[in-house]
Amino acid sequence: CVSDGLNFLLSDAELAAALAGFRRNLRPEGRIVFDVDTLFAFRTLYSSMLVVPRPDRVVIFDGRAERTLEAGAVAEAVVEVLTPATAPWWERSRVIHRQRHHPRGAIEAALASAGRAPVAVWGTDGAGGSEQPLDDERHNKAVYIAQIAA
């Protein structure tokens with residue numbers, strides 16, 4: 001489960017239910033691999049505006065969080081896509097994008113309640129590199145591998 005899928009779960013109960021669902025759908029020796037955005041990612045991306053202009057559209061990601069976002073908080077951004085209509089007009093589609101930061105302790109508690117335990121946790125640097133230990137305030141993603149708890 002990559003590309004922040006678990007960040008869209010907005011409570012500890014939803015996270016625990018998703019991880020329990022993974023377990024029900026795996027063989028006993030199966031492993032779970034997933035990533036989540038870190039506190040660093042939430043404090044930078046969700047407190048910024050990103051504009052990507054292209055000839056056929058403009059995409060705007062407008063983060064509404066503060067750079068002091070607390071661990072475990074929900075962050076919100078408005079995502080807009082502008083596309084040319086009849087000149088000089090443009091059409092706009094807009095969606096509210098909400099994600100939650102899940103601290104490592106909350107993830108490990110949810111894994112334990114699902115009968116899983118982390119095998120390894122890495123932090124990624126945004127350029128494709130990974131390292132241990134995870135630093136939630138420096139890495140932009142946390143990557144977990146988990147299996148049935150011993």
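I began with Arg-57, which is partly exposed at 29% relative accessibility. By the cut-offs, buried means under 20% relative accessible area, exposed means over 50%, and partly exposed is in between (1.4 Å probe, protein chains only). Asp-56 is also partly exposed, with a relative accessible area of 45%. I found a salt bridge between Arg-57 and Asp-56, with the closest N and O atoms 2.8 Å apart. A salt bridge here is a side-chain nitrogen of Lys or Arg within 4 Å of a carboxyl oxygen of Asp or Glu.

I noted how the model was made and read: it is predicted, local features need pLDDT of at least 70, side-chain atom pairs count only at pLDDT 80 or more, and totals for chains, interfaces and linings use all residues. Residues are numbered from 1 along each chain as its sequence is written, and side-chain values use heavy atoms, with hydrogens and water left out.

How many salt bridges does the structure hold? I wrote down 13.

I looked up Arg-100 next, and its side chain meets that of Asp-12 in a salt bridge (2.9 Å, N to O). Arg-100 lies in strand E5 (residues 90–100) and Asp-12 in helix H1, so the pair ties together parts 88 residues apart in sequence. Helices (H or I, at least four residues) and strands (E, at least two) are DSSP runs, numbered from the N terminus. Is Arg-100 buried or exposed? Arg-100 counts as buried, at 11% relative accessibility, while Asp-12 is partly exposed at 43%.

I then checked Asp-37, which forms a salt bridge with Lys-141, the closest N and O atoms being 2.8 Å apart. Asp-37 is in strand E1 and Lys-141 in strand E8, 104 residues apart. Both residues are buried. A network of salt bridges links Asp-4, Asp-37 and Lys-141.

I turned to the largest nonpolar core, which has 18 residues. Such a core is a set of buried Ala, Val, Leu, Ile, Met, Phe, Trp, Tyr and Cys residues joined through side-chain atoms within 4.5 Å. Among the members that touch the most others are Leu-6, Phe-34 and Ile-107. Helix H1 (12–24), strand E1 (32–37), helix H3 (104–113) and strand E8 (141–148) each give two or more residues to this core. H1 gives the largest share, four residues.

Which residues is Ile-107 in contact with, leaving aside neighbours within four places in sequence? I listed Leu-15, Leu-19, Phe-34, Val-36, His-102 and Tyr-144. Contact means heavy atoms within 4.5 Å.
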